[in-house]
Amino acid sequence: MGINNLLGLARDALTAQGFGLDVTGQNIANASTPGYVRRTAQLETRAVGTVTYGGVSVAGIGRSVDRYLDARTYEAGSFSASARSRDSALTQVEGLFNDMAGSGLGSALDALFGSFSALATNPNDPTARSATLASADNFAARIRETSRQLLTQRQDLLTQAQATAAQVTDIASQIAKLNGRISEAEVAGADGSDLKDSRDKLVGDLAQKINIHTFTDGAGKLVIAAAGATLVEGNNAAALTVNTSPGGAMQILVQRANGTTFDVSAQTTAGTLGGLREARETDLVAVNQKLDQFAYDVATAVNTQHAAGVGLDGIGLRNLFTVSGPTGAAASITLDAAMVGHPEYVAAASSSAELPAGSTNAVALSRLADASIATGNTRTAIEAYSDLVGDIGQRKMSSAQDVNLRSAIFSQAQAMRESTSGVSMDEELIALSRYQRAYEAASKLFRTADELLANLMRSF
Amino acid sequence: MRIADTTRFRNIQDQVTRAQSAHAEAARQASSGLRVGAPSDDPVAAAQALRVGHSMARTGTFRNTISSLRGDVELAESTLAGADDIMKRLHDIALGAGSGTLDAKEQAVLATEVAALKDQLVAFANQKGSMGYLFGGTKTETAPFSAGGAFTGDDLDRTAEVGHGVVMTVSTSGAKAFTVAGGRDVFSDIDDLYDAISTGDKTSILASVNQMSAGSRQILAARADAGIKMARLDTADATLEQTSVTLATQRHGLVEAEPAQAYSALAQTQHQLEAAMSVSKSLLDTLASATAALR
C-alpha cells in the first residue's frame with residue numbers, strides 16, 4: 001500500500017469510468033436503432049488473490065434482456081399482425097358489398113323485380129320486355145363480377161401468403177447464420193451483443209409473419225418452432241412454402257433441408273400468414289358459399305316461375321337464367337342463351353289464351369320479391385342478401401375491433417420489453433454526468449498522487 | 001415502470017393516430033350525413049337498411065304502376081259514360097218511335113240516327129288507351145269490335161301488383177259491357193231496333209225499349225266497376241305514400257346521422273386531436289430540452 005498503489009487506483013478508475021462513458025455513448029448513439037438492447041457497463045472491485053487493493057476493473061458489457069418479456073412481445077406481435085392482415089382482406093370484401101357506397105347487389109335485385117312489375121303493367125310493350133331482359137342480364141352480370149372479384153382476391157391472398165412465406169424462409173436463414181456467428185464469437189471470447197441484437201430483431205420480424213415459439217436447447221442452441229414445426233435449430237434453417245391443396249385450400253409447409261415436409265396449415269394461427277389464411281379459408285369461403293346460394297336460389301325461383309308462363313309466341317318452359325350449382329352458381333349465372341335478343345320470349349302471360357296482353361305470370365314473377373324463395377325457402381331474396389351483407393359487416397367489425405385490441409396489447413408488451421431493454425435518454429444523460437464526474441475525480445486522484453510523488457522527489 | 005424513449009415516441013404516435021382516426025370518422029359522418037357508411041359500422045342496421053331500401057324501391061315501383069294505370073282506367077270510365085249516353089239516346093228514340101205513328105220519311109231519319117249512334121258506340125267500344133285497346137281483354141292489339149259490332153276480344157283480366165301482395169284486375173271488361181257475357185249483346189239489340197224502326201214494327205220497337213235500358217244498365221255496371229278500380233288505385237297510392245314516408249323515416253333512423261350529434265362529435269374529436277397534438281408537442285419539447293442538457 002502506498003502512493004504507487006494510489007497511481008494504480010487512479011489508472012483503473014480512469015479506465016473504468018472511461019468505459020462507462022463509452023457504453024453510455026453507445027446507448028445514446030443507438031437510442032433509435034431498431035432491435036438495439038440497452039447496454040450496461042459492468043464494473044467490479046479488483047481482487048488480486050486474497051489481497052484487497054481497492055481497485056476497479058471492467059467485468060464486461062451487460063445486455064439487458066428478459067426472455068419472458070421477449071416471448072410475450074413476439075406473441076403479441078404475431079396476433080397483431082394476423083389481425084391486421086385479416087382486417088385488410090375483409091376491407092376489400094366489404095367494399096364489394098357496400099350498397100351505401102353504390103357497390104353491392106341490392107340495386108340490381110330491386111331493378112330485376114321492378115322490371116317484372118313494369119312488365120306486368122304493360123306486357124306487350126317491347127320496351128318493357130327488353131327492359132326485363134336487360135335487368136336480368138345486369139343482375140346476372142353483377143353477381144358474376146362480384147364472384148370474379150372474390151376469386152381474384154382469393155388468388156391475391158395466396159400470392160401474398162407465398163411472398164410472406166418467402167420472407168419467412170429468408171429471415172430463418174439469416175437467423176441461422178447469425179446463430180452460427182454468435183457461437184463463433186462466444187467461442188472466441190467475445191460477447192456478440194451486436195449480433196444478438198440483430199438476431200433478436202429478426203426473430204421479432206419472424207413473429208410478425210407466423211406464430212413462433214423459441215427456446216434454447218440443452219447444447220445452448222436457439223431453436224425456433226414456427227406453427228409447431230422446427231424452423232431454425234442453431235445454424236440450420238428450414239424453408240417455408242405456400243401452395244394449394246387439390247381442393248384449392250391454402251397449404252403452409254415447412255420443408256427441411258433433408259426433404260421432409262410438414263403441413264402446418266392448421267397450426268398457423270397467427271402472424272401475417274395466420275391472418276391471410278383465416279381470411280381466405282374461413283371468411284372468403286363463407287362469403288362465397290352464401291353468395292352462391294343467393295344466386296342459385298333467386299335464379300332457380302325466377303326460372304321456375306318464368307317457365308310456367310309463355311312468351312308472345314305462345315311457347316312456355318323457357319328459363320330466364322342459366323345457372324349451375326348451388327356451388328359455383330355466382331360464377332356461372334348468366335341470362336339464358338335462348339333468351340338473348342328475344343324480348344318476345346319473356347313469359348308475361350300464363351297461357352297462350354291471354355296473349356298478347358295477359359300479365360298473370362309477370363305479376364307472379366314480381367311477387368317473388370316478397371316470397372320466401374331463398375336459404376331453404378325461409379328468407380326472401382332481399383332478406384337473404386341482407387343476411388349476407390350483415391354477415392360480412394359482422395366479420396369486418398370484429399376484425400377491426402381485433403386490430404385495436406391486438407395492437408394495444410402489442411404496444412403494451414413492447415413498452416414492458418422496452419422498460420427492460422430500451423434506451424432512456426434521461427437515464428443516459430444522468431449516467432453520462434455520473435461517469436464524467438467520476439472520470440474528473442479519477443483525474444484529480446491521479447494529479448494528487450502525481451503531486452505527492454513530485455513533492456516527495458523534490459525533498460530528496 | 002422505467003420508460004424508454006422509444007416507448008414515449010410510440011405512445012405519442014399511437015395517441016395522435018387514434019385521435020386522427022376518430023376525427024376522420026366524425027368528419028365522414030358529418031360530411032356524408034351517414035352514421036353507417038359501410039356494413040361494418042353497424043352490421044345489424046346495415047342489413048335492416050337494405051331490407052328497408054328494398055321495400056322503398058318496391059313501393060316506388062307500385063306507385064309507378066298505379067300512375068301509369070290510372071290514365072287508362074279513367075279513360076275506360078269516361079268512355080263508358082259516353083257509351084251510356086248513347087244508350088240513353090237510343091232508349092229515347094225507341095220510346096218515341098214506339099209511342100206515335102211514323103211515316104216512311106220519319107222512319108228513315110230515325111233509322112239513320114240509330115245507325116250513326118251504333119257506329120259511335122262501336123267507336124267507343126274500340127277506344128284505345130296508352131296500352132292498346134281498352135275493352136278487348138288481353139287482346140289489346142286488335143280492335144275488339146268489328147264495324148258490325150262482332151266481338152273478337154276476350155273476357156280475360158289484365159292484372160297488376162299495386163301493393164305488397166295486392167294484385168288487382170286493371171282492365172275493364174268490354175265483353176261484360178257490350179256482349180252477351182254481360183247479359184245482352186248490345187250491338188245486335190241496336191241492329192234489332194234499326195230493323196224494327198225501318199220496318200215500322202211497333203211490337204219489336206217496344207221490345208227494343210227494354211233492351212236499350214237493359215244495355216244501358218249493363219254499360220253502367222261496367223262503368224261503376226271502372227270507377228271502383230280508380231278508387232282502389234287511389235287508396236292503394238295513398239297507402240303507399242304513407243308507407244314510403246314511414247320507410248324513409250325508418251331508414252333515416254337506421255343509417256343516417258343526426259346532424260347536431262354529428263357536428264358536436266366532429267367538434268369534440270377536433271379538440272381531442274388538437275389536445276393530442278399539443279401534448280405530443282410538449283412531450284417532444286421535454287425530450288429535446290433533456291437532450292439540450294448535453295451541450
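This is a predicted model: local features need pLDDT of at least 70, side-chain atom pairs count only at pLDDT 80 or more; totals for chains, interfaces and linings use all residues.
Which residues of α8(A) are buried? They are A:Thr360, A:Asn361, A:Ala362, A:Val363, A:Ala364, A:Leu365 and A:Ser366.

## The contact between chains A and B

Chain A contributes 52 residues to its contact with chain B, and chain B contributes 48. On the side of chain A, two or more residues come from each of α3, α8, α9 (381-421) and α10 (425-458). Helix α9(A) gives the most, with 18 residues.

By class, the side of chain A that touches chain B has 20 nonpolar, 20 polar and twelve charged residues.

## The two domains of chain A

Chain A is divided into domain 1, made of residues 3-64 and 422-458, and domain 2, made of residues 80-393. The centres of these two domains, taken over C-alpha atoms, are separated by 64 Å.

The contact between the domains takes eight residues from domain 1 of chain A and seven residues from domain 2 of chain A. Strand β2 (residues 51-63) of chain A supplies the largest share of the domain 1 side, three residues. The residues on this side of domain 1 divide into four nonpolar, two polar and two charged.

Key. Residues are numbered from 1 along each chain as its sequence is written. Chains are lettered from A and ligands numbered from 1 in the order in which they are written. Domain bounds come from an automatic or database domain assignment. Two residues are in contact if their C-beta atoms, placed from the backbone, lie within 7 Å. Helices (H or I, at least four residues) and strands (E, at least two) are DSSP runs, numbered from the N terminus. Ala, Val, Leu, Ile, Met, Phe, Trp, Tyr, Cys and Pro count as nonpolar, Asp, Glu, Lys and Arg as charged, and the others, Gly among them, as polar. A residue is buried if 20 or more other C-beta atoms lie within 10 Å of its own, exposed if 12 or fewer, and partly exposed in between; C-beta atoms are placed from the backbone.
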